[in-house]
Amino acid sequence: MTGSDIAVDQPVLLEIFPTGAIVGATRRYEKHLGDMQDVYADNESWVAQVDALGADLLVYSVDEHKYQDGPGALIVGTSKLLPGRYGDEFSITRGHLHAKANRAELYYCLSGRGVMLLDTLDGQSKAIELTPGQAVNVPGGWLHRSVNVGDEPFITLFSYAADAGQNYAVISRAGGMKQLIVADESEQGWRAVENPKHTGYDETDLRS
Ligand SMILES: [Fe+2]
């Protein structure tokens, strides 16, 4: 194969700010309070928040840049998760396993204070706190979700393979992730507790 047979994408200069704004982004999406049905363990608290604040309240947003979908390309973006509480549970993203489950992801904290909540389908679970300058290199095979344990937006830079995709159903089928991040009186201000509604994962989700 000669060089002329290979489609080569052009490098792209992006400007990425601690606010999560990206100059050069190709896509933005938003999640609102009404989109978060069955995400929180304490459903009554979520319903009360919808009643009080409205289903249209912005809860998180993602800005990203992607130049193509094929294997080998990267998506680069930012996630901005606003603070909130649902009973004792802190504000979270929906969370997912990559549809191509072996695809890894980098999360680098730009601003705020949060936790990356991570599960494997065979029962491992980790909660890793992130403050600005800290990053988690998430290997393939780990479900992941952001949690905002602070009072400010929790903003991360992420990058993952453009062909990874997202499997959200794996979490809803399991009654949520294995652990919840809840407020407590410690200096840290949070702790991980077992999610009483978690029923275990289906390991066939790892096949893709
Ligand atoms: Fe991901």
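## Before you start

Residues are numbered from 1 along each chain as its sequence is written, and side-chain values use heavy atoms, with hydrogens and water left out. Because the model is predicted, local features need pLDDT of at least 70 and side-chain atom pairs count only at pLDDT 80 or more, while totals for chains, interfaces and linings use all residues.

Buried means under 20% relative accessible area, exposed over 50%, and partly exposed in between (1.4 Å probe, protein chains only).

## The sheet around S13

Next comes an open sheet of six strands, in the order S3-S4-S5-S13-S8-S11, with antiparallel pairing. Strand S3 (27-32) and strand S11 (135-138) are at the edges with a single partner strand each, so one side of each has no neighbour in the sheet. Strands (E, at least two residues) and helices (H or I, at least four) are DSSP runs, numbered from the N terminus. Two strands pair if DSSP finds at least two bridges between them.

Is strand S13 (residues 154-161) buried or exposed? Eight of its eight residues are buried, so S13 is largely enclosed by the rest of the structure. Strand S5 (residues 74-81) runs antiparallel to S13 and is joined to it by eight bridges. Leu-74 has Ala-161 of S13 as its bridge partner, and Lys-80 stands opposite Ile-155 in S13. Strand S8 (residues 105-111) also pairs with S13 in the antiparallel sense, over six bridges, with Leu-106 opposite Ser-159.

## Rings and charges

Rings of Phe, Tyr and Trp (its six-membered ring) pair if their centres lie within 6.5 Å; planes under 30 degrees apart count as stacked, over 60 as edge-to-face and the rest as tilted. By this rule there are three aromatic pairs. In one of them, Tyr-107 and Phe-158 have ring centres 6.3 Å apart and planes at 50 degrees, so the pair is tilted. Tyr-107 belongs to strand S8 and Phe-158 to strand S13, so this pair ties together parts 51 residues apart in sequence. Phe-158 also forms a tilted pair with Tyr-160, at 5.8 Å centre to centre and 40 degrees between the planes. Together, Tyr-107, Phe-158 and Tyr-160 form one aromatic cluster. Tyr-107 is buried at 6% relative accessibility, and Phe-158 and Tyr-160 are both buried.

Charges meet rings as well. The charged end of Arg-85 sits over the ring of Phe-90, 5.6 Å from its centre, and Arg-94 lies over the face of Tyr-168, at 4.0 Å from the ring centre. Such a contact needs NZ of Lys or CZ of Arg within 6 Å of the ring centre and within 35 degrees of the ring normal.
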